[in-house]
Amino acid sequence: MIVMNQKEMQEVNGELRSRLAKLEELACLVSHDLREPLRTVMNFTGLIEHKYGDQLDSEAKEYFQFVRKTLLRMNSLISGILDYSKGFEQQLFWADSYTHL
């Protein structure tokens, strides 16, 4: 069993906070970098649909719908990564508040 005094616990928590801040920063950067190509593909597919929509057969429209759904799913996954990284900081906050009891 590992036993830490209050000072050691605060030092460990400080280190964890620092690492979690870096993780959250990385998640934000990755999120931005991954979302940019998604926005580009979404915008261009929208432009193609708008410009040539009346010329597309039902199969082509179905393909565009599939692409749109897939892009939205990818965006949702990226948001999940961000939410997950932010959840660690909340867990650390609660754990830290219990050490002061």
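Is Met74 buried, exposed or partly exposed? Met74 is partly exposed, at a relative accessible area of 33%. Buried means under 20% relative accessible area, exposed over 50%, and partly exposed in between (1.4 Å probe, protein chains only).

This is a predicted model, in which local features need pLDDT of at least 70, side-chain atom pairs count only at pLDDT 80 or more, and totals for chains, interfaces and linings use all residues. Residues are numbered from 1 along each chain as its sequence is written, and side-chain values use heavy atoms, with hydrogens and water left out.

**Overall build**

- The protein chain has two helices and zero strands. Helices (H or I, at least four residues) and strands (E, at least two) are DSSP runs, numbered from the N terminus.
- Helix 1 covers 6-52, and helix 2 covers 58-99.
- Of the 101 residues in the protein chain, 18% are buried.
- Among contacts with a separation of 6 or more, 81% join residues 24 or more positions apart. Contact means heavy atoms within 4.5 Å.
- Accessible areas come from the Shrake-Rupley method with a 1.4 Å probe; for residues, only the protein chains shown count as cover.

**Nonpolar surface patch**

- Leu23, Leu26, Val30, Leu34, Met74 and Leu77 make a nonpolar surface patch of about 450 Å².
- Patches take residues with over 30% relative accessible area and no salt bridge; like charges are joined within 9 Å, and nonpolar side chains (Val, Leu, Ile, Met, Phe, Trp, Tyr) within 5 Å.
- Both helix 1 and helix 2 supply at least two residues of this patch. Helix 1 gives the largest share, four residues.
- Met74 sits in helix 2.

**Salt bridges**

- The count comes to three salt bridges. Each needs a side-chain nitrogen of Lys or Arg within 4 Å of a carboxyl oxygen of Asp or Glu.
- Side chains of opposite charge can pair when their charged atoms come close.
- Arg19 and Glu15 form one of them, at 2.7 Å from N to O. These two are four residues apart in helix 1, so about one helical turn separates them. Arg19 is exposed, with a relative accessible area of 55%, whereas Glu15 is partly exposed at 41%.
- Glu36 pairs with Arg39, and their closest N and O atoms are 2.9 Å apart. Glu36 and Arg39 are three residues apart in helix 1, so they too lie about one helical turn apart. Glu36 is partly exposed at 38% relative accessible area. Arg39 is also partly exposed, at 38%.
- Arg68 bridges to Glu49, with the closest N and O atoms 2.5 Å apart. This pair links distant parts of the chain: Arg68 is in helix 2 and Glu49 in helix 1, 19 residues apart. Arg68 is partly exposed, at 30% relative accessibility.

**A buried charge without a partner**

- Arg35 belongs to helix 1. Arg35 is buried, yet has no salt bridge.
- The nearest side chain of opposite charge is Asp83, 7.6 Å away. Lys and Arg count as positive, Asp and Glu as negative; His and the chain ends are not counted.
- Leaving out residues up to four places away in sequence, Arg35 touches Asn75, Ile78, Ser79 and Leu82.
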